[in-house]
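User: Please take a close look at one part of this protein and describe carefully how its pieces are put together. Once that part is clear, I would also welcome notes on a few other places that I could compare with it.

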Amino acid sequence: MGLEGRLLNFGCLLCVRNMVKLIHTLADHGDDVSCCAFSSSLLASCSLDKSIRLYSLSDFAELPHSPLKFHTYAVHCCCFSPSGHVLASCSTDGTTVLWSAHSGHTLTVLEQPGGSPVRVCCFSPDSAYLASGAADGSVVLWNAQSYKLYRCGSVKDSSLVACAFSPDGGLFVTGSSGGDLTVWDDRMRCLHSEKAHDLGITCCSFSSQPLSGGEQGLQSYRLASCGQDCEIKLWIVSFTHVLGFELKYKSTLSGHCAPVLACAFSHDGQMLASGSVDKSVIIYGIGTQSVLHTLTQHTRYVTTCAFAPNTLLLATGSMDKTVNIWQFDLETPCQAGSMNDQLKHFIEDWSEEDVSVWLRAQGLEDLVGIFRVNNIDGKELLHLTKESLAGDLKIESLGLRNKVLRSIEELRTRMDSLSSGIPDEFICPITREVMKDPVIASDGYSYEREAMESWIHKKKRTSPMTNLALPSLVLTPNRTLKMAINRWLETHQK
């Protein structure tokens, strides 16, 4: 079997335990569903019927103050602030409205300069800014606290239809109907623009997981864009204050046979979902870039898709006026134990060339030569330590050594979680134990309260997962995750 086939099998072993099933269908909208978005406890959807609807993730019941009605024309996009307290919606009526997610009250109405139809909106990761893009090509950064216009810019001869902030908030990307992908800094300076999709961009999405690099201070992120050309393109966006900005094309995913209207990364960055005019939803494994699932329950164009931040849920919306909720289920502990043996055996059987393929999939191409010279095969890979990386392999970069160790630890963690049958999202990243009192930190991840409070108390004001500075030290109870853990424990500890 060739390297591509072996890597595909490896991806299947890592992802086979994620079986997806339709668990709920929401059919309350009276017209096409245009967008859906998750907070840690709520799901929002908006529609050409001029309304926004809110649902609880605990039982998918519509909230008492839903639907939200203010817009006088079709609502194109909705998004939650990172805390989940504020919901933004934008419309053909030329406004972007901020709502209290918990009461439904209107907080403010932002009028796009020139009154052009607003097609897309998104919050910065620190909630400081809200970006809105319009049909006349204008893009505005609003101060999300004072509700004042902060900066504005524009693209030529196109409508702005897509927008996404980098996870660190230092950059944001817009996509236009003309096919241009444009990168801006937080002061609205255009850093780069290039033709990404010949027939127009429809959506773009950043993975929340940074990619490690060798240079000090380098931040790199994976970006996906999709368009009318039926393709999804993956890019690497990098930025340092010394070296500046770089946008590098990496690969193309061509699973759809019609224009792709939406794309979204899972919160762990391991999966990418896309929706298309072909009425299907495709879920790709990012490591292998292979198709994991194809979902075909929608009867018309799929216009939107979104992953929940802390649970294994996916929402997809369509011109059939419905929102489908999908859940990724895990196997039984017996099946998981068997899979663990297969996975461990498979990795230990890797040849040196297979390890090289794995390194490239992790974004560690620069280390391929070093690993080959030192004859690192699968068995050796699983036994590498920080001492052997520095002493034996002579890898001088601390960042690269840490990236290798994290990637190897991910392999071991997958084997451990498969063996125990415990869902990964139930385990605290700090203690590696099932959480009893999960809380959401400002980096978007969930942790055991006591462990995270101890982490912060030791003056570590960085994220345990990304090592980036925490925008806030506020910890929010993750009641939805706690209920899911309790239900799982009741089922598996009888």
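**Sheet and helix**

In this predicted model, strand β29, residues 438–440, pairs with β31 in the antiparallel sense over two bridges. Within that pairing, V439 stands opposite P477 of β31. The pair belongs to an open sheet of three strands, ordered β30-β29-β31, in which the pairing is antiparallel. Because β30 (446–448) and β31 (476–477) each have a single partner strand, they stand at the edges, and one side of each is left without a neighbour in the sheet. Helix α8, residues 449–457, packs on this sheet and touches β29, β30 and β31, its direction making about 95° with that of β30.

The helix can then be followed residue by residue. Its buried residues are A451, M452, W455 and I456. These residues cover an arc of only 135° around the axis, and they therefore lie on the same side of α8. On the other side of the helix, E450 and H457 are exposed. Strand β30 is included in what covers the buried residues of α8.

**A second sheet for comparison**

Another open sheet has four strands, in the order β22-β23-β24-β25, again with antiparallel pairing. Its edge strands are β22 and β25 (290–295), each of which pairs on one side only, and the twist averages 20° from one strand to the next. Strand β22 (residues 260–265) is joined antiparallel to β23 over five bridges, and F265 has L272 of β23 as its bridge partner. The hairpin of β22 and β23 has five residues between the strands, and G269 there takes a positive phi near 75°.

Strand β23 also runs antiparallel to β24 (residues 281–285), to which five bridges join it. Along this pairing A273 stands opposite I283, while S274 stands opposite I282. In the hairpin of β23 and β24, with four residues between the strands, K279 is the residue that takes a positive phi near 75°.

As for burial, β23 (residues 271–276) is mostly covered, with six of its six residues buried. In a regular strand, side chains alternate between the two faces of the sheet. In β23, M271, A273 and G275 point one way, whereas L272, S274 and S276 point the other way, and all are buried.

**A cysteine and a loop**

C305 is buried, with a relative accessible area of 7%. The closest cysteine sulfur to that of C305 belongs to C263, and because the two sulfurs are 6.8 Å apart, they are too far for a bond. With a cut-off of 2.5 Å between cysteine sulfur atoms, the count of disulfides comes to zero.

Lastly, S127 lies in the loop between β10 (118–123) and β11 (129–134). Although it is a loop residue, S127 counts as buried because its relative accessible area is 17%, and the limit for that term is under 20%. Apart from its neighbours within four places in sequence, S127 is in contact with S81, P82, S83, A144 and Q145.

How values were computed. Residues are numbered from 1 along each chain as its sequence is written. This is a predicted model: local features need pLDDT of at least 70, side-chain atom pairs count only at pLDDT 80 or more; totals for chains, interfaces and linings use all residues. Side-chain values use heavy atoms; hydrogens and water are left out. Buried means under 20% relative accessible area, exposed over 50%, partly exposed in between (1.4 Å probe, protein chains only). Contact means heavy atoms within 4.5 Å. Two strands pair if DSSP finds at least two bridges between them. Axes are lines fitted to C-alpha atoms, for helices over the stretch in contact, and angles run from 0 to 180 degrees between N-to-C directions. The arc is that of the directions from the helix axis to the C-beta atoms.
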